[in-house]
Amino acid sequence: MNADARLNFYTSPLTAQFARHINSAGKVVSDSALPHTTQELVKLRASQINGCGFCTDMHTKDAAHAGESPLRLHLVAVWREATVFTDAERAALELTEEGTRIADAAGGVSDEVWANAAKHFDEEQLAALVSLIALINAYNRLNVIVRQPAGDYQPGQFG
């Protein structure tokens with residue numbers, strides 16, 4: 001396995017500038033009223049679905065560092081069968097899955113999934129949730145395309 005990414009985001013002026021802008025968008029979401037725990041679960045689940053090792057590593061470690069339990073982190077991939085998530089978290093995870101797997105469903109996100117999320121989150125939180133799903137999917141794609149290695153991330157490294 002190649003331990004080096006195909007492209008170094010840190011040495012390219014273009015990708016460095018792009019990263020500054022996308023990170024600014026991320027700050028808007030992270031500073032929103034969407035609960036931080038929910039944010040980390042969403043980022044972790046989308047990263048698992050997309051096979052993004054770098055983001056899975058990062059968000060598992062960041063969530064653990066912020067106090068998330070190992071049990072909940074281990075069960076994110078099978079959240080439907082797990083009893084450790086709140087109804088609001090389950091709604092966010094379901095929206096994350098449908099919003100990440102757009103190509104798998106002819107209609108995109110179903111009305112039922114949207115209505116369930118809307119029961120648990122107000123309009124600003126929904127805006128943050130949708131923005132976060134789009135943002136983590138963008139990060140996942142960047143890292144998967146360049147084969148960004150996983151495993152060396154330290155909590156808070158980019159914060």
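Phenylalanine 54 and tyrosine 153 are both buried, meaning under 20% relative accessible area with a 1.4 Å probe, protein chains only. Keep in mind that this is a predicted model, where local features need pLDDT of at least 70, side-chain atom pairs count only at pLDDT 80 or more, and totals for chains, interfaces and linings use all residues. Residues are numbered from 1 along each chain as its sequence is written, and side-chain values use heavy atoms, with hydrogens and water left out.

Searching the whole structure turns up one aromatic pair (ring centres within 6.5 Å). With centres 6.5 Å apart and planes at 75°, the rings of phenylalanine 54 and tyrosine 153 are edge-to-face, the label for planes over 60 degrees apart. Phenylalanine 54 sits in helix H3 and tyrosine 153 in the segment after H7, so the pair ties together parts 99 residues apart in sequence. Helices here are DSSP runs (H or I, at least four residues), numbered from the N terminus.

Now for H7 itself. Its buried residues include Leu126, Leu129 and Ile133, and the buried residues pack against helices H1, H2, H3, H5 and H6. Arginine 147 follows H7 with a positive phi, near 55°.

Finally, look at glutamate 68, in the loop between H3 and helix H4. Glutamate 68 is buried, at 13% relative accessible area. Its side chain makes a polar contact (here N or O atoms within 3.5 Å, one able to donate a hydrogen and the other to accept it) with the side chain of arginine 72, at 2.5 Å.

Technical notes: Buried < 20%, exposed > 50% of the residue type's maximum accessible area, 1.4 Å probe, protein only. Helix = DSSP H or I, 4+ residues; strand = E, 2+ residues; numbered from the N terminus. Contact = heavy atoms within 4.5 Å. Phe/Tyr/Trp six-rings, centres within 6.5 Å; stacked < 30°, edge-to-face > 60°.
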